[in-house]
Amino acid sequence: IAYSPNLMIKAKKVILPLFIAGIMVFSIFGFAIVNSIGSGSQIDRIEYEGYSFTYDGAIWTTYKANGDKIEFLFDPRFIAAVYTGELIPKLFNHKKIYLSVDPSDDLAQETQYFRQILQATANAQIVNSCPLDKTGCEQLPIKNCQDAILGEVLVLKLENGENSVQEGESCIALIGDSLYFAQIVEKIRLEALL
């Protein structure tokens, strides 16, 4: 076999780029494998109020002593820090709760979620209502803070706006967006279920 300088130059021109491309591909592949192994083995685990919670990347999960599985959307430490004023004790100290929402606030989904959680956790009759007599409220009772009765009737108002809690003796207005309402509902669940 005869030695040809042109053939060696051509071989170097082909082999060197292939070698570099191979290194780059295997580097990326190796990084992806190491990263997936690392993140897969790092399931978040925390202890909160005597319960062990695990996070799978989407849901926080714990188990009650009887084996019931409980899932949360947020880290329980974060949920615990969400300010709700005296909402939770009041939910459990009244016989009837009027969930008062203005239809123009477009909070139907949030109202439904609050109603479901309150029915599952509070030991009270839950009644949908409106704060004002207006279109969309024809079939609902009109309930506002003046209708609240300490220890008997709680009026819980949901309103769009900047996240805040406004409280009276037996009347609470939760003002916020969908995310804030989801956090409050999760806090109610956390307090009631654990």
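Me: Before we start, what does "buried" mean here, in relative accessible area?
Reply: Buried means under 20% relative accessible area. Over 50% is exposed, and partly exposed is in between. Keep in mind that this is a predicted model.

Me: Fine. How many residues of β5 are buried?
Reply: Five of the six. So β5 is largely enclosed by the rest of the structure.

Me: Which sheet is β5 in, and what's the strand order?
Reply: An open sheet of five strands. The order is β6-β5-β7-β9-β8, with mixed pairing.

Me: Which strands stand at the edges?
Reply: β6 (125-129) and β8 (164-167). Each has a single partner strand, so one side of each is left without a neighbour in the sheet.

Me: How are neighbouring strands turned against each other?
Reply: By 20° on average, ignoring direction.

Me: Back to β5. Do β5 and β6 pair in the parallel or antiparallel sense?
Reply: Parallel, over five bridges. As a residue landmark, L99 has N128 in β6 as its bridge partner.

Me: And β7 with β9, parallel or antiparallel?
Reply: Parallel, over six bridges. β7 covers residues 153-160 and β9 covers 171-176. K157 stands opposite A173 in β9.

Me: What holds strands together in general?
Reply: Backbone hydrogen bonds, in a parallel or antiparallel arrangement.

Me: Now helices. Which strands does α4 lie across?
Reply: Helix α4 (residues 108-121) lies across β5 (96-101), β6, β7 and β9. Its direction is at about 165° to β6.

Me: And which ones does α5 lie across?
Reply: β7, β8 and β9. Helix α5 spans residues 178-193 and runs at about 135° to β9.

Me: Switching to charges. How many salt bridges are there?
Reply: Seven. One of them joins the side chains of R77 and D75, at 2.6 Å from N to O.

Me: Is D75 buried or exposed?
Reply: Buried, at 16% relative accessibility. R77 is partly exposed, at 45%.

Me: What does E152 form a salt bridge with?
Reply: With K95. The closest N and O atoms are 3.3 Å apart.

Me: Where do E152 and K95 lie?
Reply: E152 is in the loop between β6 and β7. K95 is in the loop between α3 (87-92) and β5. The pair therefore ties together parts that are 57 residues apart in sequence.

Me: How does K95 count, buried or exposed?
Reply: Exposed, at 55% relative accessibility. E152 counts as partly exposed, at 34%.

Me: Is D102 buried or exposed?
Reply: Buried, at 12% relative accessibility. K134 is partly exposed, at 30%.

Me: Last topic, pockets. How much space lies in the largest pocket?
Reply: About 220 Å³.

Me: Which residues lie nearest its centre?
Reply: V101, P103, L107, A108 and T111. The lining has 14 residues.

Me: Which element gives the most to that lining?
Reply: α4, with four residues. β5, α4 and β6 each supply at least two.

How values were computed: Residues numbered from 1 in each chain as written. Predicted model: local features only at pLDDT ≥ 70, side-chain atom pairs only at ≥ 80, totals over all residues. Heavy atoms only, no water. Pairing = 2+ DSSP bridges. Axes fitted to C-alpha atoms, helices over the stretch in contact; angles between N-to-C directions. Contact = heavy atoms within 4.5 Å. Salt bridge = Lys/Arg side-chain N within 4 Å of Asp/Glu carboxyl O. Buried < 20%, exposed > 50% of the residue type's maximum accessible area, 1.4 Å probe, protein only. 1 Å grid on protein atoms, 1.4 Å probe; cavity = no way out; pocket = protein on both sides within 12 Å on 5 of 7 lines; lining within 4 Å. Points joined across faces, edges and corners; volume = space filled by probe spheres on them.
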